[in-house]
Amino acid sequence: MSNQPTLHAVEPSICFLDTVASLQTSFKSGKTHSLEWRKSQLDALKRLLIENEKDILHALHQDLGKSESEAYVAEHGFLLTDIKHTLKHLNKWMQPRKVSTPLIAWPGKSFQQPEPLGTVLIIGAWNYPLQLLLAPYIAALAAGNCAVLKPSELAVETSTIVAKLIPQYMDTSCVEVIEGGKEESSALLACKWDHIFYTGGEAVGKIVMSAAARHLTPVTLELGGKSPCIVDSSTNLKITARRIVWGKWMNAGQTCIAPDYVLVVKGFEQKLIDAIKKELKSQFGKNPFSSDDYGNIINTRHLHRLQGYLDGVNVVYGGDINEARPAMTPTLVLDPAKDSAIMQEEIFGPILPIVPVASIDEAIGFINDRPKPLALYAFSDDDKVLNSIIDKTSSGSVCTNDTMIFMTNPELPFGGVGNSGMGSYHGQAGFDTFSHVKTVMKRAFALDAPVRYAPFSKFKLSLLKKFL
Ligand code: NAD
């Protein structure tokens, strides 16, 4: 996205070393290691969400104009499902993962033993301000860590309610919410963590990674970028349009995995545009500004950024703005220049460029010439076409004949590749991200074969070659 937050870390005038030290002390006490503690904290978080559902949904509505249904599906309910899945599988995830042992180490047993990392920092973004902060927290809790949560300062109401509720429900010796912006983030990044989990733009991702490098701290970077959507002319037009509208205009397009642009086989673009327009009217009415189901833009700075994308391009639908709300109507742009800002930057808003291409192979080439996307969508009735797109492209995730629905499966790791990020979470992937999988080999004193000890001989070497 353009107009990124300041691209350099500011010199912190505040210090969180005491906060981190106190969490580290709690971690060292060992209290977070047990299955009981982890389950009790996940139960507490579940209670927090259930008992405060109304206030949480209200905060999300104030920040982004999210409808109750959308906020439930993508934030509140999403987190409850995540907790339920985690509670169901946690015992199994925590168990040592037994592997075989080579002859030379017999008798012996080999395990991969997950252990908590320690004290972790989770930095959230504003577009799904609850989900993106608490889903990593669920994984961090499951893995037995202490955590500092840093909500995005742009989603003010959600940040406030999270900071109020977490201390009321959670074990406060093991978690702290630090509100604020760049200054607080920079001060937090100056501390030594056992893991940093960051969700947001690429530019700040680089700041996070360089701050982490100073302490050799591992990072997960959940970034964004331009997620393409390929449409083949064999597709089911009505369902394709409906699912593109669902994925693109949820949260007014402010979703990291929303289709950023569509590559459609030439000659089919007008049919697709007409079907999308029809579907937009059916989902949000003739005037989306008066629809309770249509979201706001986070602030006027972002609204103006989006408005800028419409300069000099062919707007074939929408393009209206409402400064007061602030919001922009669902907007379609036909065949913008490849070097225009709208085709160079992540749109992160309700504008969808429709780009005609000569063939599916051209669409694949177009994607492969650009940074690896976070998500990729492909619509076709031909399985061969879909498989060729899956095989010939690289992206964090790929979903065929639908858009963001793959996020509802906690069995699927979620994360980017290349410029769209590193590391993943959701379900066991999140547990593993916040765990160190320790190698354990348990040996006994029996059968201490001299073959591996000096002095060596040709005979010993021939045995070693067999046993290793
Ligand atoms: P943002 O402005 O909320 O920033 C993200 C976090 O970084 C905030 O907590 C903020 O306080 C902190 N931050 C800002 N400037 C900083 C600095 N100089 N130093 C340290 N920390 C700083 O969010 P954003 O960056 O506008 O988010 C939008 C981007 O995030 C898009 O690119 C989107 O695709 C991506 N995103 C990715 C995912 C994902 O799961 N992969 C999810 C949501 C958003």
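1. Basis of the values. The model is predicted: local features need pLDDT of at least 70 and side-chain atom pairs count only at pLDDT 80 or more, whereas totals for chains, interfaces and linings use all residues. Residues are numbered from 1 along each chain as its sequence is written, and side-chain values use heavy atoms, with hydrogens and water left out.

2. The whole structure contains 12 salt bridges (a side-chain nitrogen of Lys or Arg within 4 Å of a carboxyl oxygen of Asp or Glu). One of them joins K206 to E202, with an N to O distance of 4.0 Å. Both residues belong to helix α8 (residues 202–214) and stand four residues apart, about one turn of the helix. Helices (H or I, at least four residues) and strands (E, at least two) are DSSP runs numbered from the N terminus. K206 is exposed at a relative accessible area of 58%, while E202, at 34%, is partly exposed. Here buried means under 20% relative accessible area, exposed over 50% and partly exposed in between, for a 1.4 Å probe and protein chains only.

3. K226 and D260 pair at 2.5 Å, N to O.

4. Salt bridge between helices. E279 and R242 form a further salt bridge, their closest N and O atoms being 3.8 Å apart. Because E279 lies in helix α10 (residues 269–284) and R242 in helix α9, the pair ties together parts that are 37 residues apart in sequence. E279 is buried at 8%, whereas R242 is partly exposed at 39%.

5. Second largest pocket. A pocket is an open set of points on a 1 Å grid over the protein atoms alone, where a 1.4 Å probe fits, with protein on both sides within 12 Å along at least five of seven lines; lining residues have an atom within 4 Å of a point. The second largest pocket holds about 240 Å³ of space, the volume being that filled by probe spheres set on points joined across faces, edges and corners. It has 16 lining residues, of which A74, Q131, M250, M404 and M407 are closest to its centre. The elements giving two or more residues to the lining are α4 (68–94) and α5 (131–142); α4 gives the most, with three.

6. Surroundings of T329. T329 is in the loop between β12 (327–328) and β13 (331–334) and is buried at 6% relative accessibility. The T329 side chain reaches the backbone nitrogen of G319 at 3.3 Å. Leaving aside residues up to four places away in sequence, T329 touches P288, F289, Y294, G318, G319, D320 and P350 (contact means heavy atoms within 4.5 Å).

7. Surroundings of D232. D232 occupies the loop between β8 and α9 and is buried, with a relative accessible area of 10%. Its side chain makes a polar contact with that of S380 at 2.7 Å. A polar contact is a pair of N or O atoms within 3.5 Å; within protein, one must be able to donate a hydrogen and the other to accept it, and residues adjacent in sequence count only if both atoms are side-chain atoms.
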